[in-house]
Amino acid sequence: MALIEAASPHVMNTYGRVPIALSHGTGVRVWDVNGKEYLDALAGIAVNTLGHAHPKLVPALQDQVARLIHTSNYYHVPLQEQLAARLVELSGLTNVFFCNSGLEANEGALKLARKYGHDRGIARPEIVVYEKAFHGRSIATLSATGNEKVQKGFEPLVEGFIRVPLNDIEALKRATEGNRNITAVFFETIQGEGGINQMRIDYLKQVRKLCDEREWLLMIDEVQCGMGRTGKWFAHQWAGIKPDVMPLAKGLGSGVPIGAVVAGPRAADILQPGNHGTTFGGNPLAMRAGVETIRIMEEDRLLENAASVGAHLKAALTRELGGLRDVKEIRGQGLMLGIELGKPCGVLVQRAADAGLLISVTADSVIRLVPPLILSVAEADEIVARLAPLVRAFLAEPQ
């Protein structure tokens, strides 16, 4: 039988795609249109929390599709209140705005910070952002992003951002000293696209304290590292702090597009009718996906699973690869791990796919592993068994 070619000639050429067209999946495995099986260590880029075709999620979504998919925000959507109440309970914050993606959630956070400034008489609000950050590809969120490759060709960028290095409280104080226009500090607890770079617990506490002292909003982007991926609902919870604003997306809907801006008391009432909105955001299908995702995560103890299986996976990777000269660091937490190599390693995405493993490479030289939170110890060992020989062979090649 002739192989089916993976091609999309009528789709805008905005991605450097791997030449694979996926057909279906179950658990942590997917199959392409030619029947080849892959172990999914990418989960749609940290999206498919429950893996593929989860037996508890599928019938719930089928039920919702048969009831209501979309109504618009002219009307109350009971499932919005249901999901918002759970997010408030899990985060200890106050209320939620629903949208469609991480980009939109981050855009909403930036609007909140600007409105917060204007409400306090600041005509040109400024927001502290971070080196290597990634917050999205709209004009505002790419301006907040710390990646020149993402920004190039889209200038002029949006003004009002002050950029600082990670984990350096003195650098943050120096960059903002005497500046009365600062309204917020905005960062990812663990940078995903930037290379799986973690904010230290002591630094998170220091920034929370500084924001309280100066009446700034602490805005923590949990789009990729939140929703149980590190073993707590939100990665900043390891530091025992609460943000004022928390964008969420990705894993919240287990594959159904969803975004959320969760706000604490300082930010909860900034946006009023007419200040912000969305057509698709908060639709019944996405809300049902969020409600069911959280329910299933609790029933199946997936936070504990992410912590324990993630620790096992990290230990196994360290055992197999940690001693190699060009393996600079294996880092991350739970099921959000990065393997930094001493040279660009983008070719490993295709080589891994050839070996039946789906991964990504970010920041040019960091292998990113963000598998579904249902991953078992045996499947973690399978990831290592497929990946480690590829990394060793790659590092043995001449420059």
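# A guided tour of the predicted chain

The model is predicted, so local features need pLDDT of at least 70 and side-chain atom pairs count only at pLDDT 80 or more, while totals for chains, interfaces and linings use all residues. Residues are numbered from 1 along each chain as its sequence is written, and side-chain values use heavy atoms, with hydrogens and water left out.

**The whole chain.** Display the C-alpha trace, which spans about 65 × 55 × 45 Å along its principal axes. Colouring by secondary structure shows 12 helices and 17 strands; helices (H or I, at least four residues) and strands (E, at least two) are DSSP runs, numbered from the N terminus. Of the 399 residues, 53% count as buried, where buried means under 20% relative accessible area, exposed over 50%, and partly exposed in between (1.4 Å probe, protein chains only). Among contacts (heavy atoms within 4.5 Å) between residues at least 6 apart in sequence, 72% join residues at least 24 apart.

**Strand S5.** Select residues 126–130. Five of the five residues of this strand are buried, so S5 is largely enclosed by the rest of the structure. Glu126, Val128 and Tyr130 lie on one side, Ile127 and Val129 on the other, and both faces are covered. Centre on Val128: its bridge partner in S6 is Ile162, and in S7 Val128 stands opposite Val185.

**Arg208.** Move to helix H8 (residues 201–214), where Arg208 is found. Arg208 is buried, with a relative accessible area of 11%. A polar atom of its side chain lies 2.7 Å from the backbone oxygen of Lys242; a polar contact is a pair of N or O atoms within 3.5 Å, and within protein one must be able to donate a hydrogen and the other to accept it, with residues adjacent in sequence counting only if both atoms are side-chain atoms. Not counting residues up to four places away in sequence, Arg208 touches Trp216, Leu218, Ile241, Lys242, Pro243, Asp244 and Arg266.

**The four-stranded sheet.** Now select the open sheet with the order S13-S14-S17-S16 and antiparallel pairing. Its edge strands, S13 (327–333) and S16 (360–362), each pair on one side only. Within the sheet, S14 (residues 336–341) and S17 (residues 366–369) are joined in the antiparallel sense over four bridges. Show Glu340 to find its bridge partner in S17, Val366.

**The nonpolar cores.** Continue to Ile367, whose contacts, not counting residues up to four places away in sequence, include Leu337, Ile339, Cys345, Leu387 and Val391. Leu317, Ile339, Leu341 and Ile367 touch the most other members of the largest nonpolar core, which has 64 residues; such a core is a set of buried Ala, Val, Leu, Ile, Met, Phe, Trp, Tyr and Cys residues joined through side-chain atoms within 4.5 Å. Helix H12 (residues 377–396) contributes the largest share of this core, nine residues. Finish at a second, separate core of 21 residues, which includes Ile162, Val164, Leu172 and Val207.

Key:
Two strands pair if DSSP finds at least two bridges between them.
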